[in-house]
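Thanks for making time, everyone.

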Amino acid sequence: MLSFILRRTLWAIPTLIVVSFISFLIIQLPPGDYATAYAAELRNGGDYITEAQEEAIRTQLGLNDPVLLQYGRWIGNILFHGDFGQSFHWNAPVSDLIWDRLALTLLLSTLSLVFTWIIAIPIGVYSAQRQYSFLDYLFTVFGFLGKGIPDFLLALVLMWISFIWLNLDVGGLMSPQFEGQPLTWAKFVNILSHIWIPIVVLATGGAAGLIRVMRANMLDELGKPYVETAYAQGLSERQVVWRYPVRVALNPFISTVGWALPALFSGDVITAVVLNLPTTGPLLLQALKMQDMYLAGSFILILSVFTVIGTLISDILLAWSDPRIRYA
Amino acid sequence: MSVDPNHPDLSLEVAAADGEGLYTARPWQLIWWRFRKHRLALASLVFLIFAYTVAIFAEFVAPYSPTSIERLQTFVPPQVVRVWHDGAPHRPFIYELERTRDPVTARVTYVQNRENPIPLKFFVRGEDYKFWGIWRTDLHLFGLDDRRQKVNLLGTDSLGRDLFSRLVYGARVTLSAGLIGVLFAFVLGLFFGSISGYYGGFLDSSIQRLMEFIRSVPTIPLWMGLAAALPIEWDPLFVYVLITLILALIGWTHLARVVRGRFLSLRTEDYVMAARLAGASEYRVITKHMLPSMTSYIIAAMTLAVPEMILGETALSFLGLGLRPPVVSWGVLLQDAQNLRSISLAPWLLTPGLAVVTVVLAFNFLGDGLRDAADPYGH
Amino acid sequence: MTPKTNTAQLPKDVLLDLQDVKVSFETREGTVTAVNGVSYKVRPGEVLGIVGESGSGKSVTVRAIMRLLAKNAIEGPKGSIRFNPNGDQTYDLHELSRDNRQIRALRGNRIGMIFQEPMTALSPVHSIGSQISRTVMLHRKSTKAEARARARDLLERVQLPNPDLMLDRFPHQLSGGMRQRAMIALALACDPSLLIADEPTTALDVTTEAQILELLKSLQAELGMAIIFITHNFGVVADIADRVAVMYLGQIVETGDVDDIFYAPKHPYTQALLQSIPRLGQKKVRRLKTIRGSVPDPYHIPSGCPFHNRCDHADAALCTQERPPLRGFDNGQEARCHFAGQLPEASL
């Protein structure tokens with residue numbers, strides 16, 4: 001088991017390197033560079049700056065160096081100094097801007113993942129056990145709808161419904177009057193009344209897919225001889241189902257936790273824009289539109305790193321739960 | 001025992017139900033028979049054919065141009081086509097709309113004038129357009145004779161543009177983006193998947209790593225990053241091609257996985273071994289024995305990939321990073337429905353979303369049906 | 001809740017008594033009757049071999065005993081399955097539902113079962129030891145340590161090498177023969193009075209099959225449980241069984257002591273089956289006989305005697321119309337044939 005974890009962790013390293021390189025390329029992709037942008041910013045502010053001065057900034061920042069050298073400097077700064085570069089739009093270090101938002105993104109994603117599982121697993125098991133029952137059909141319809149509705153549309157519609165019918169002020173993480181206030185019970189309730197929409201939105205898409213997967217896996221597993229063996233031991237139906245086939249049917253689930261993360265991050269970006277949440281999404285979108293590339297690149301880098309780590313964790317979880325993989 | 005599913009003369013003798021004796025059915029026929037049993041998939045196929053037909057003849061189907069602004073008809077709610085006027089059946093018509101202003105809120109409202117039915121005409125002369133950019137004509141599928149009144153089946157937006165016409169024009173962009181994206185993804189996926197699955201070894205594992213990598217990156221931020229790098233001033237058509245290419249760059253892995261999986265399992269099938277033992281060349285083994293039994297799977301996988309592309313395009317354009325006005329796509333249309341205010345003022349602006357959902361679902365049902373039908377040993 | 005014992009207490013020397021068990025399945029194509037009025041008895045400590053082709057209903061019958069029929073199964077209203085595990089209390093299993101508490105207390109405890117596919121019949125995600133000790137803990141209310149010790153003991157008893165190591169092994173790490181041994185250990189976890197073995201050696205190679213049969217025989221001698229041994233292989237039956245029941249299309253066509261069945265079969269189907277087995281010392285010139293035709297499909301079971309369309313001795317008027325009664329003989333042999341006892345001796 002230990003050697004498996006070690007091997008898997010070592011595998012993640014080249015992936016991380018590639019991820020960081022691609023993030024860097026995205027920073028580099030748009031025409032012009034930081035110096036151009038900076039100069040444009042200054043000129044907009046009414047300052048006068050010559051081509052030569054612009055060139056001097058470029059040399060000073062090393063923007064004329066080969067891409068690989070620049071990449072080395074960028075990643076070195078991140079690794080050794082925690083310095084992600086400067087957001088010229090906000091005129092602040094990137095690292096000051098992102099951590100709060102990342103924490104919230106992670107919180108939302110984790111909550112949604114838990115919510116997804118809580119919905120999807122029991123429903124999938126039920127649907128498989130009562131195949132072709134009324135509820136099974138109902139869940140099938142739900143599954144297809146969840147797959148077909150884009151996240152942002154669901155967010156819009158839920159927002160609209162809760163505005164019209166529930167008369168809630170939605171959008172954002174809390175009502176404006178609680179902004180900046182210390183955490184009180186009222187504020188906590190207010191946050192809860194806001195946060196359910198993004199969680200439902202993020203979980204619906206995922207749950208829809210997972211119900212289908214869980215149902216199919218369970219149908220496969222329920223027909224296998226070891227289930228009958230378990231019944232023949234005198235275990236009750238509930239004990240048999242949850243201890244044996246569910247354990248096996250969960251394995252593909254566990255192996256995709258890592259892939260659920262990128263999906264959740266992706267979903268979060270769009271949902272957060274619609275719902276105006278202070279997560280990474282809106283800031284990333286803004287950064288991209290403003291060509292604030294250090295900020296955007298850092299976001300992409302960090303989100304990708306989280307995903308790689310997530311995949312790593314899910315692989316280890318899978319090995320822990322499925323002996324066939326552990327000893328392979 | 002394994003029978004080569006590509007050679008019907010060897011394997012597939014089907015007894016006719018009415019006992020007319022034996023005849024052989026080609027594999028495609030068998031797939032079609034199995035497919036026909038999936039009512040939902042069949043209905044989806046019909047619907048999609050309809051949708052694409054509308055998209056192809058968008059200029060003719062849409063009563064107005066997608067960009068013609070009508071300043072005095074902003075936020076007109078969807079109009080109902082009626083067939084009953086004054087207690088008697090009537091040919092299809094709409095009531096005349098009168099624009100009034102609410103004295104208290106100063107908001108514009110529209111009131112139907114119940115006295116004045118305006119008949120809806122088919123094949124009417126309307127705005128000029130160039131059909132497919134080739135012929136100049138002014139024939140439309142339907143419209144009104146009265147030029148001052150407009151028929152807005154799905155209402156209008158903030159500039160008074162007819163949402164139905166925009167939806168129809170947008171269908172052309174969105175639906176074709178899905179197909180073209182899948183086509184790019186298909187080329188990439190088939191290439192990498194078949195190399196990976198057929199040769200195996202080092203090539204396989206490095207391609208596997210690449211695919212794993214692409215799948216482990218959050219797609220939308222990556223799409224956003226790539227899309228944001230496209231300069232705004234480029235030609236919209238060129239941006240459109242690049243956007244589909246970006247979608248494909250990330251979307252090909254699923255197809256490659258399907259192709260690779262099929263290759264791996266086919267390689268060990270007895271009939272492939274038999275063909276090899278009979279002295280067939282490698283080229284012949286791949287083209288005559290392996291590929292034919294994969295086409296149906298690939299088509300099913302491609303069908304299931306189209307909605308991903310459509311959703312991707314919609315999401316990007318919705319965020320303002322994909323296609324941009326004046327190009328009309330469903331994602332671009334949904335930009336108008338981005339905030340609560342416009343939705344509560346004009347809920348019909350969400351209809352492009354409904355169109356996205358329907359098309360995506362139809363593709364999913366169709367793909368599921370195809371996949372089931374393509375499995376020669378399925379239940 | 002007391003069981004609905006609509007039948008009397010079984011005598012001490014009868015462990016299991018099936019009367020007129022009938023099982024059919026509702027499918028989209030129609031109703032299939034898999035078991036059509038099966039009756040048999042098992043005495044304590046006896047090995048009953050049940051022989052039949054696939055689809056003859058032998059597996060479905062034992063699943064009716066275990067109450068593990070598929071959900072679309074319909075049982076006949078009249079049948080009874082009386083089980084007398086300790087000689088003093090009789091249960092009518094036929095009245096118990098699939099998830100009933102009483103049958104659950106018997107399964108794995110008083111009735112053990114071995115399945116055909118050792119490769120897939122054990123849970124892939126639990127170790128051998130934990131699967132066995134879970135059963136022990138369930139029925140004996142013992143502690144984890146006691147159950148583990150019991151599991152180790154059982155693994156040793158089924159002659160698995162290194163039982164201490166085996167406890168923590170997973171099924172995929174064992175060979176087919178070893179898995180079947182583990183399966184047997186699991187079935188014997190609580191010293192059952194009845195062991196049901198559903199084709200336990202079919203999936204194994206011949207050498208392993210012989211070893212497993214040896215093991216079962218020695219365990220039976222040692223522990224004294226009764227065994228219902230299902231197989232389609234007459235050779236295996238001859239090796240292990242005391243009595244034999246032959247099934248064809250959901251009915252038992254003949255029962256008797258193993259020697260009587262082998263040397264003096266009374267039913268034409270049994271005769272034909274035995275004639276189709278190659279034997280040592282047979283005259284070289286004779287061709288091996290086959291049974292003509294093939295097993296009818298389960299939706300169209302022939303009327304009258306279900307074997308009449310493949311039988312060499314069938315009477316067109318009688319056998320196609322009337323279901324033959326069970327005819328008994330002095331040696332305890334019984335055959336369901338209109339002409340049982342009047343047929344020419346089969347040349348075996």
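So, which helix of chain A holds K147(A)? That would be α6 of chain A, which spans residues 134-148. Before I go on, keep in mind that this is a predicted model.

Let's stay with K147(A) for a moment. Is K147(A) buried, exposed or partly exposed? Partly exposed, because there are 19 C-beta neighbours inside 10 Å, and it takes 20 or more to count as buried. As for what K147(A) touches, leaving out residues up to four places away in sequence, we get A208(A), G209(A) and, over in chain B, N364(B).

Okay, zooming out to the domains of chain A. The assignment gives us domain 1, residues 2-93, and domain 2, which is made of 98-281 plus 310-327. How far apart are the C-alpha centres of these two domains of chain A? The answer is 36 Å. Where they meet, five residues of domain 1 of chain A are in contact with five of domain 2 of chain A. On the domain 1 side of that contact in chain A, you've got three nonpolar residues, one polar and one charged.

While we're in chain A, a word on annotation. An unreviewed UniProt entry marks "transmembrane region" at several stretches of chain A, including 9-29 and 188-211. In the model, residues 9-29 of chain A come out as 95% helix and 0% strand, with the end C-alpha atoms 30 Å apart. Residues 188-211 of chain A are 100% helix and 0% strand, and there the ends are 31 Å apart by C-alpha.

Next up, chain B and its sheet. Four strands of chain B make an open sheet, ordered β3-β4-β5-β6, with antiparallel pairing. At the edges are β3 (82-85) and β6 (135-144) of chain B, each pairing on one side only. Ignoring direction, neighbouring strands in this sheet are turned by 60° against each other on average. Inside the sheet, how many bridges join β4 to β5 of chain B? Nine, between residues 88-101 and residues 108-131 of chain B.

Last stop, chain C. UniProt, again from an unreviewed entry, places "domain: ABC transporter" at residues 16-274 of chain C. That span of chain C is 37% helix and 26% strand, and its end C-alpha atoms lie 28 Å apart.

Conventions
Residues numbered from 1 in each chain as written. Chains lettered and ligands numbered in written order. Predicted model: local features only at pLDDT ≥ 70, side-chain atom pairs only at ≥ 80, totals over all residues. Domains from an automatic or database assignment. Contact = placed C-beta atoms within 7 Å. Nonpolar A, V, L, I, M, F, W, Y, C, P; charged D, E, K, R; others polar. UniProt positions renumbered as here; feature names shortened; annotations may be inferred. Helix = DSSP H or I, 4+ residues; strand = E, 2+ residues; numbered from the N terminus. Buried ≥ 20, exposed ≤ 12 C-beta atoms within 10 Å, placed from the backbone. Pairing = 2+ DSSP bridges. Axes fitted to C-alpha atoms, helices over the stretch in contact; angles between N-to-C directions.
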